[in-house]
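Have the viewer open while you read.

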Amino acid sequence: MDVEALMRLAIAEAAKGHGFVSPNPKVGAVLVKNGKVVSTGYHKFFGDAHAEVNCLNSYAQSLEGDEIMYVTLEPCAHEGKQPACADYLINKGMRRVVVANMDPNPKVAGLGIKRLRAAGVNVEVGLLNEEAAKLNFGFFKYIKTNRPYLILKIAMNMFGQIAPLPRARAQISGLKAGRFVKDLRSKVDGILVGAGTLQVDNPELAAGCVNGYEPRRIVLGDVQSDLTLKVFRDQNFLVIRSLDELEGAGITSVLVEGGAQVFTSFLEQGLWDEVYIFVNEKKPGFKAGLLAFDGLPIALRLLQNCAFETEVMGEDRLYNFKLLGN
């Protein structure tokens, strides 16, 4: 295997921890000896052993100095719920480490690499850094700003309508777009809707992940827990009045699916990092339909200075806007 294939294996290992490690980052590690993979590991649960430790614990032999560890994130240099991974690798006799991403956590921020190099460890940084960073888009935002990465999502027909009337429900997106949204839900820590959407649509907000993970269901607004509403089917929910209440909840990324009012409010306040707009180009317009927001030109003005992509997704066209620098 070439070096990129080895790092991609580490990235695949890291992805196994999704849904179980937040607010920690997802991290994977691969140990190579004589060009062959001899051990792998990943961070499995919040508060549990880190990827580097799990990787070496799975290797039954002592290190001889010619092994190479590929790891998706800089080994930590501080003690928290677990010992510092940089010290652990040094004490185990690791002599070469290849790192994809630097850790933006102020408690690490290059200190892990500095400590390894000071101990004589050969450290390379940056292999597949962009690919690896996609795993931890929420963590990177959260650790820098103390707020989750916010993704806004809305679906409309080609006339900008999301429903035939206020407080009326309508299925706008096609099947391919629906599958895409389910996959998107599986990649975040929480899914947020407003109280109005909750009452009208009674959504499940389910991701249906194969590993049993389901993101936290978040309701924004004044609403009482009502067992007839699907979001309250178990204890995996939060009711909040502002995003500030998410602090300390271990949520690093949120998909905002609330209706027109919530979407517009977040957009106007600049509370977003990425926006997905699904436009069904085959759905007919409604006679007096509810608009997604107060005119598409306003939304497009707010979404300037962004990276922009579009693609056809069945009967829908997806418009994806992403703030530059994220």
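The points below go through domains, cores, cysteines and salt bridges in turn.

1. Ground rules. This is a predicted model, so local features need pLDDT of at least 70 and side-chain atom pairs count only at pLDDT 80 or more, while totals for chains, interfaces and linings use all residues. Numbering starts from 1 along each chain as its sequence is written, and side-chain values use heavy atoms, with hydrogens and water left out.

2. Domains. The chain splits into domain 1 (3-141) and domain 2 (147-323); those bounds come from an automatic or database domain assignment. Taken over C-alpha atoms, the two centres are 34 Å apart.

3. The interface. Across the boundary, 9 residues of domain 1 are in contact with 14 residues of domain 2, where contact means heavy atoms within 4.5 Å. The two domains bury about 1,000 Å² between them, with 63% of it on carbon and sulfur atoms. Buried area here is the accessible area (1.4 Å probe) that the two parts lose on being put together, summed over both.

4. The bridge between domains. The count between domain 1 and domain 2 is 1 salt bridge, meaning a side-chain nitrogen of Lys or Arg within 4 Å of a carboxyl oxygen of Asp or Glu.

5. Asp273 sits in the loop between H9 and E12, and Arg147 in the loop between helix H6 (137-145) and E6, so to speak of sequence, 126 residues apart. Helices (H or I, at least four residues) and strands (E, at least two) are DSSP runs, numbered from the N terminus. Asp273 is buried at 0% relative accessibility, whereas Arg147 is partly exposed at 21%. The cut-offs are under 20% relative accessible area for buried and over 50% for exposed, with partly exposed in between (1.4 Å probe, protein chains only).

6. The largest core. The largest nonpolar core holds 26 residues, and among those with the most contacts inside it are Leu152, Phe266, Val275 and Leu303. A nonpolar core is a set of buried Ala, Val, Leu, Ile, Met, Phe, Trp, Tyr and Cys residues joined through side-chain atoms within 4.5 Å. Strands E6 (149-157), E9 (216-220), E11 (253-256) and E12 (274-280), along with helix H9 (260-268), each give two or more residues to this core. The biggest contribution is that of H9, with 5 residues. A separate core has 25 residues, including Ala49, Ala51, Leu73 and Phe140.

7. Around H9 and Val275. Buried residues in H9 are Ala260, Val262, Phe263, Thr264, Phe266 and Leu267. Two of these, Phe263 and Leu267, are in contact with Val275, as are Leu152, Leu303, Tyr319, Asn320 and Phe321, leaving aside neighbours within four places in sequence. Just after H9, Gly270 takes a positive phi of about 70°.

8. Cysteines. How many disulfides turn up in a search of the whole structure? The search finds 0, a disulfide being a pair of cysteine sulfur atoms within 2.5 Å. Cys85 in turn has the sulfur of Cys76 at 3.7 Å and is in no disulfide. Cys55 is buried at 0% relative accessibility, and Cys85 is buried at 1%.

9. Other salt bridges. The whole structure has 16 salt bridges. Glu131 and Arg8 meet at 2.8 Å, N to O; Glu131 lies in helix H5 (residues 129-133) and Arg8 in helix H1 (residues 3-15), so the pair ties together parts 123 residues apart in sequence. Arg96 and Glu124 have their closest N and O atoms 2.6 Å apart, and this pair links strand E4 (residues 96-101) to strand E5 (residues 122-125). Lys33, Glu64, Asp66 and Glu67 are linked in a network of salt bridges.
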